[in-house]
Amino acid sequence: MKNLQKTKGYITVASNSVNYYVSAINLAESIIDHFPDAKITLVTEERFLDGRERIFDKVILCDDHYRAKLWGLFNTPYDITFYMDSDIDCHHKDISKVFEELGDHDMVFTPLTAETDYAFNNRHFPEGSFQLNGGVCLYDITKPMVKEFLIDWYELYKKQYSGEWWPTDENGNIDNVTYGTQEEMHRWDQFTLWWLTNRNEKYKDIKIDVFEDWARWNYYNRYISSKNHNKEPIVLYHYSSG
């Protein structure tokens, strides 16, 4: 039997606010400017559709959850997917080469590091620090463990965000010391990601890596150019307002 080549494509999610839908259109246009053959899927709410979504390869409807992006991750139509937040622009033709960055890993993120602490809030808490940035993510959904991980990320985050779940201390009480306060930290999907990769034995063998020249794949508008975080030209510029 002939081996079928894995499909590859890009995905972005626009929920909760029409502004994300407008940004997603801009993102898709900027990718196609540099890579006309790109296959891009939009996950969005039906109420936002106005005809401009025709630029996408596929459109998948979602609800208005604050982090519907996590639901979109495991509903990708592609085998190998590169997810991007909608408030991103593509600036370079190397976007077509991003799938090569996966190598033999299951998932690849951009990192959160000490050198960029000045650009992010709430990265550190008594027990550790956020290490992975969820703004972009490259992954192979054909691997069962990857799909389970993404589903668990979404389901656990929903409970975290709604207040149904937070780590407890040895007495079974909500731990507002070790991991930061529930009130302050509950909105960060990076915390759920940290918990699954650092405290959940189920995923101790999942192969997660970070992009080698990470800043070019997720360059935040808050970065200071003189610090030279990226070695090669910027591919994706992130207009996050966090």
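Visitor: How do the residues lining the largest pocket divide by type?
Guide: They divide into 10 nonpolar, 12 polar and 8 charged. Asp, Glu, Lys and Arg count as charged; Ala, Val, Leu, Ile, Met, Phe, Trp, Tyr, Cys and Pro as nonpolar; the others, Gly among them, as polar. This is a predicted model: local features need pLDDT of at least 70, side-chain atom pairs 80 or more, while totals for chains, interfaces and linings use all residues. Numbering runs from 1 along each chain as its sequence is written, and side-chain values use heavy atoms, without hydrogens or water.

Visitor: Which residues lie nearest the pocket's centre?
Guide: Tyr 66, Arg 67, Asp 85, Asp 87 and Ser 240, out of 30 lining residues. A pocket here is an open set of 1 Å grid points where a 1.4 Å probe fits, with protein on both sides within 12 Å along at least five of seven lines; lining residues have an atom within 4 Å of a point.

Visitor: Which element gives the most to that lining?
Guide: Strand 9, with 3 residues. Strand 9 (132-140) and helix 5 (189-198) are the elements giving two or more. Both kinds are DSSP runs numbered from the N terminus: helices H or I, at least four residues; strands E, at least two.

Visitor: New topic. Is strand 2 buried or exposed?
Guide: Buried (under 20% relative accessible area, 1.4 Å probe, protein chains only): 5 of 5 residues, 40-44. Ile 40, Leu 42 and Thr 44 sit on one side, Thr 41 and Val 43 on the other.

Visitor: What does strand 2 pair with?
Guide: Strand 1 (residues 8-14), parallel, by 5 bridges, and strand 3 (residues 58-61), also parallel, over 4. Pairing takes at least two DSSP bridges.

Visitor: Which partners does Thr 41 have?
Guide: Ile 11 in strand 1 and Lys 58 in strand 3.

Definitions and conventions: Buried < 20%, exposed > 50% of the residue type's maximum accessible area, 1.4 Å probe, protein only.
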